[in-house]
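Here is a short briefing to read alongside the model. Take a look at the sequence and structure first, and then we can walk through a few residues together.

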Amino acid sequence: MTTTTLLHIDASPRSGRSGAVVHGSHSRRLSHHFVSTWQAARPQDEVIYRDFGIAPPQAVTGDWIHSAYTPAEAREPWMHEVLAESDTFIAELRRADVIVMGTPMYNYSAPATVKAWIDNIVRVGETFDMDPSLDDPYVPLLAERPRRTVLLTAHGSSGFGPGGMQAHLNFLVPGVKAALGLVGLREVHDIAVEHAEDRGDLLERSMAEALSGIEQLVRDLQAKVQAG
């Protein structure tokens with residue numbers, strides 16, 4: 001049996017999982033449920049874990065941009081230092097077969113930590129290239145083999161899914177999908193828990209549906225892995 005590598009990312013600043021600790025993170029609960037369900041069936045698989053709530057990615061700076069757009073062979077030692085974290089994130093992404101991200105929705109969009117990670121992994125010459133001669137000049141460099149992304153989100157209110165009354169305000173899922181598509185990660189599955197602010201029965205029902213959906217998604221993705 002081949003080994004699959006999961007890249008598990010948590011973005012919530014809350015350190016605990018809902019259902020386990022008071023005021024715990026719903027998105028952490030979803031991502032943990034995905035990974036634990038996956039490992040129950042495939043304990044041999046590798047998991048790389050990143051907790052952005054504890055160790056947030058560095059934001060892009062002027063020095064980062066200067067370094068990233070300097071050809072590798074011309075970079076000075078300090079430039080390699082500036083890009084070291086980005087290099088690590090990209091190496092983890094290249095290694096991964098399944099990327100699992102648990103993240104809350106903040107003000108209709110992604111938390112700053114998720115945006116910082118995206119800015120560090122979307123890098124010219126590393127994960128995408130430019131070819132002005134093409135109709136679409138962006139050339140993804142991570143499309144050489146299947147990589148599946150699972151985006152598990154938590155929303156304070158409801159109706160952010162397709163056809164929902166607030167779907168037009170959901171900049172989290174489409175934004176992450178667009179950025180990952182730029183580098184070649186175009187198979188993105190998303191499951192959300194809603195009603196975090198409503199709590200009570202509405203939240204409980206939404207959580208139960210999300211956890212059940214995750215279990216089915218794990219079965220579906222593992223079948224794809226088995227099929228090669």
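Leaving aside neighbours within four places in sequence, which residues is histidine 26 in contact with? They are Ser18, Ala154, Val193, Ala196, Leu203 and Met207, where contact means heavy atoms within 4.5 Å. This is a predicted model, in which local features need pLDDT of at least 70, side-chain atom pairs count only at pLDDT 80 or more, and totals for chains, interfaces and linings use all residues. Residues are numbered from 1 along each chain as its sequence is written, and side-chain values use heavy atoms, with hydrogens and water left out.

**Annotated site**
- An unreviewed UniProt entry annotates Ser12, Ser25, His26 and Ser27 as "binding site"; such annotations may be inferred rather than shown by experiment.
- These residues span 16 residues in sequence, yet no two of their C-alpha atoms are more than 8.7 Å apart, so they gather at one spot.

- Histidine 26 lies in helix H1 (residues 26-41), helices being DSSP runs of H or I with at least four residues.
- Histidine 26 counts as buried at 15% relative accessibility (buried means under 20% relative accessible area, with a 1.4 Å probe and protein chains only).
- Serine 27, also in helix H1, is buried with a relative accessible area of 1%.
- Beyond four places in sequence, serine 27 touches residues including Asp10, Ser12, Gly102 and Thr103.

**Asparagine 120**
- Asparagine 120 sits in helix H5 (residues 112-121) and is buried, at 2% relative accessible area.
- Not counting residues up to four places away in sequence, asparagine 120 touches Pro57, Gln58, Trp64, Ser86, Phe89 and Ile90.

Definitions and conventions:
Helix = DSSP H or I, 4+ residues; strand = E, 2+ residues; numbered from the N terminus. Buried < 20%, exposed > 50% of the residue type's maximum accessible area, 1.4 Å probe, protein only.
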